[in-house]
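Please look over the sequence and the fold together before reading on.

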Amino acid sequence: MNLAAIQASLRKDRRIHAWEPVLWLLAFAAPLLLPSHSLLISEIAITALFAMSLDLILGYTGIVSLGHAAFFGMGAYSAALFAKLVMPDPIAGLLVAVVLSTLLGAVASLTIMRGSDLTRLMVTLGIGLIMYELANKLDWLTGGADGLQGVVMAPVLGKFEFDIFGQTAAWYALTVTLLLFLLMRRWVHSPFGAGLKAIRDNRLRASSIGIHVTLRLVIIYTLSAGVAGAAGALMAQTTGFASLDVFGFDRSADLMLMLVIGGTGWLWGGIAGAVVFKLMHSVISSITPQYWMFWIGLFLVVLVLVGRERLMRPWTWFGSKA
């Protein structure tokens, strides 16, 4: 394939499909149409952004991580502390959280360059546990087990105050998620992104054709950490609270479940997985609070056994070629 064909393929991948703006318009209209569910919409948007950040390294480079909550938590505490100690402006706090999470990601990326997939899995888990213990021990700064409470945010852009119904929070979270989605889309549908896919498919072959494997892995891991930090900052800013659970292992594990549901290697998979997971959580936990994880687990088993594509087409479950 010549250079012109490669460039044409990348342009085709970057092309926005007609259904995508429709979905985003529906998302932005949802807080207005369903005002009583604005907080849930905000939570879904933040979770979708977090899931997409993991997909950058899992779906496009094949790096499995069980400690991605470390960057989410770094963003959450950075934004909350910035609001309490420096200034309550949400945009400034978001930028600070992204910068600090990105720096943490750059340092952490150096630990995943060696070893097997299992080694990297344990290392990423270790990073998450270290951040959890640091936040717990530095209780004079983070509040420890009690969390960082009383985070009050100024109006967004000086005009839009955070209301108790969560509409401003929902639109704020959706706006940041959309902007970062477009940015991530640009990354993965570029020559840089094509190199990442080559590394994912065959690292040795990618290296043999001149792709600097280590450098690209460091860059994408660092960028992924920054996006996860943005999600954490949004969570702290929209809820006014940051606690140790932002570093929890279950938060990283939930991301893996979302990507199993939505699929990896395309950013919409993180969004779809977050929407399905959060809606199932909300609906099932309201019916049976004690056993909601059982039903989600059962859904995942069916999803894996039947297959995502076939699950969307029930008439193919029994071998029909329709």
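The structure holds seven aromatic pairs, where rings of Phe, Tyr and Trp (its six-membered ring) pair if their centres lie within 6.5 Å, and where planes under 30 degrees apart count as stacked, over 60 as edge-to-face and the rest as tilted. One of them joins W24 and F181 in a tilted arrangement, with 5.5 Å from centre to centre and 50° between the planes. Because W24 lies in helix α2 (residues 19-33) and F181 in helix α8 (residues 167-188), this pair ties together parts that are 157 residues apart in sequence; helices here are DSSP runs (H or I, at least four residues), as strands are (E, at least two), numbered from the N terminus. W24 is buried, with a relative accessible area of 12%, and F181 also counts as buried, at 2% relative accessibility, where buried means under 20% relative accessible area, exposed over 50% and partly exposed in between (1.4 Å probe, protein chains only).

W24 also forms a tilted aromatic pair with W268, at 5.8 Å centre to centre and 50° between the planes. Since W268 lies in helix α13 (residues 267-287) and W24 in helix α2, the pair ties together parts that are 244 residues apart in sequence. W268 is buried, as W24 is, and W19, W24, F181 and W268 form one aromatic cluster.

This is a predicted model, in which local features need pLDDT of at least 70 and side-chain atom pairs count only at pLDDT 80 or more, while totals for chains, interfaces and linings use all residues. Residues are numbered from 1 along each chain as its sequence is written, and side-chain values use heavy atoms, with hydrogens and water left out.

W19 belongs as well to a nonpolar patch on the surface, formed with V22, L23, L26 and W266, which together have about 480 Å² of accessible area. Of these residues, L23 lies in helix α2 and counts as partly exposed, at 39% relative accessibility.

For the protein as a whole, the secondary structure comes to 15 helices and zero strands, and buried residues make up 47% of its 322 residues.

Key:
Patch = residues over 30% accessible without salt bridge, like charges linked within 9 Å, V, L, I, M, F, W, Y side chains within 5 Å. Areas by Shrake-Rupley, 256 points an atom, 1.4 Å probe, with all protein chains shown as cover. Salt bridge = Lys/Arg side-chain N within 4 Å of Asp/Glu carboxyl O.
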